[in-house]
Amino acid sequence: MKKLWLSLTVVIVGLILLTGCVSEQSAGSGDSGEGGGTGNEETSGNSEEGNSGESGSDGGGGVAVVPKLVGIPYFNASETGAEQAGEDLGVNVEYTGPTEADAAAQVKVIEDLISQGMDTIAVAPNDPASVEPVLKKAKEEGINVMDWDTPADKELVDLSIKQVDDEEFGRHMAEKLVEAMGTEEGKIAILTGGLSAANLNLWIDAAKSELEENYPDIEIVSDKIPTEEKQQVAYQKTLDLLKSYPELDGVLAVSTPAPLGAAQAVQEEGLQDEVSVVGSALPTDSEPFLEDGSLDTAVLWNPEKLGYLTVALGKMLAEGEMPEDGQEIENVGEITVKDDGKTVIMGPPQDYTKENASEFDF
């Protein structure tokens with residue numbers, strides 16, 4: 001009997017031991033599936049994809065380009081160039097701005113871009129003084145700061161991208177107006193976009209200097225007249241001028257919507273042969289007015305190239321590089337860098353006339 005019990009006991013203990021071994025093997029197999037080689041590789045791969053996805057979709061990094069406002073043809077053309085540069089150069093581009101030429105709204109746009117962690121922010125200030133605090137904040141956050149199209153405080157920017165030399169541009173427009181008038185004496189008025197726009201003021205000051213030095217018999221009938229960067233306002237202001245100064249000989253209109261509004265008023269009044277209009281405008285917008293002589297010459301540059309150049313140099317800044325004088329920028333051309341090392345000039349001004357305006361698509 002004792003032998004029988006002993007035998008049974010041995011069998012039972014053996015079964016228990018066997019069951020334990022099978023359980024351990026099963027548990028080991030399960031652990032290998034969840035935490036062993038193959039399982040870990042899958043988990044690691046998913047984790048890397050997740051991190052990459054977050055980095056690509058959180059809006060951080062890249063170059064932000066802030067115009068004075070969005071929705072007008074000039075800044076639409078600049079946007080086209082900026083986006084093309086983003087595609088060509090493989091950089092994230094955020095082109096965004098206020099819907100009105102409003103300094104406070106522009107500051108809010110820049111605040112939002114700072115929170116996104118952009119590498120470079122390039123702004124065309126509506127009012128340079130208004131953006132000073134927010135540009136200082138951007139620099140404190142380690143963001144590169146540029147101005148483009150319109151200068152900000154020189155001490156705050158790492159690069160300043162100018163379409164043309166301001167002095168050359170303003171004097172050139174004054175010369176073209178006198179040429180269109182066909183006389184070196186007479187009465188003119190000056191329209192501008194906003195009174196605080198630094199680039200417009202520089203051009204107007206240069207134009208005045210040209211007139212004072214070389215055409216002293218040209219009389220400017222009033223202070224510069226703001227048009228809020230709107231064609232309709234420029235149109236109405238020009239109608240008012242034509243009534244107040246029936247002997248007006250010319251209008252110098254600075255900011256891209258202003259020449260169109262001035263020409264529209266001259267066209268409506270049938271004064272193409274009596275009042276000359278010259279200003280900074282896009283060729284496609286200008287063409288109908290150039291055709292009938294209500295606008296004599298549109299003077300500008302290529303705004304698509306300006307947008308492209310802004311992004312290209314913004315990318316360079318983010319990579320710790322600075323442009324050099326005479327450097328060739330692909331799809332833009334040779335640039336000029338002033339002695340201060342950070343003022344970049346894209347190129348000389350370009351005249352758009354009845355004869356050549358149709359050759360351009362901006």
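1. In this predicted model, Q163 touches Y74, D149, N199, W203, W301, L306, I345, M346 and G347, once residues up to four places away in sequence are set aside. Q163 itself is found in the loop that runs between β5 (159–162) and α6 (166–181). Its relative accessibility is 1%, and Q163 therefore counts as buried, the cut-off being under 20%. The side chain of Q163 also makes a polar contact, at 2.8 Å, with the side chain of D149.

2. Two of the residues that Q163 touches, W203 and W301, deserve a point of their own. They form an aromatic pair with 5.6 Å from centre to centre and 65° between the planes, an arrangement classed as edge-to-face. Because W203 lies in helix α7 (residues 198–214), while W301 lies in the loop between β11 (297–300) and α11 (303–318), the pair ties together parts that are 98 residues apart in sequence. Both partners count as buried, W203 at 2% relative accessibility and W301 at 3%.

3. The edge-to-face label applies likewise to Y352 and F360, because the centres of their rings are 4.9 Å apart and their planes stand at 80°, where over 60 degrees is required. Of these two residues, Y352 has a relative accessibility of 0% and counts as buried.

4. A search of the whole structure finds 10 aromatic pairs. Ring pairs link Y74, F75, Y95, W148, F169, W203 and W301 into a cluster, and among the members of this cluster, Y74, W203 and W301 are touched by Q163.

5. The largest pocket holds about 240 Å³ of space. Its lining comprises 17 residues, of which A101, D102, N126, G194 and E229 are the closest to its centre. By class, the lining of the largest pocket has 7 charged, 6 nonpolar and 4 polar residues.

Notes: Residues numbered from 1 in each chain as written. Predicted model: local features only at pLDDT ≥ 70, side-chain atom pairs only at ≥ 80, totals over all residues. Heavy atoms only, no water. 1 Å grid on protein atoms, 1.4 Å probe; cavity = no way out; pocket = protein on both sides within 12 Å on 5 of 7 lines; lining within 4 Å. Points joined across faces, edges and corners; volume = space filled by probe spheres on them. Nonpolar A, V, L, I, M, F, W, Y, C, P; charged D, E, K, R; others polar. Phe/Tyr/Trp six-rings, centres within 6.5 Å; stacked < 30°, edge-to-face > 60°. Helix = DSSP H or I, 4+ residues; strand = E, 2+ residues; numbered from the N terminus. Buried < 20%, exposed > 50% of the residue type's maximum accessible area, 1.4 Å probe, protein only. Polar contact = N/O pair within 3.5 Å; in protein donor to acceptor, adjacent residues only side chain to side chain. Contact = heavy atoms within 4.5 Å.
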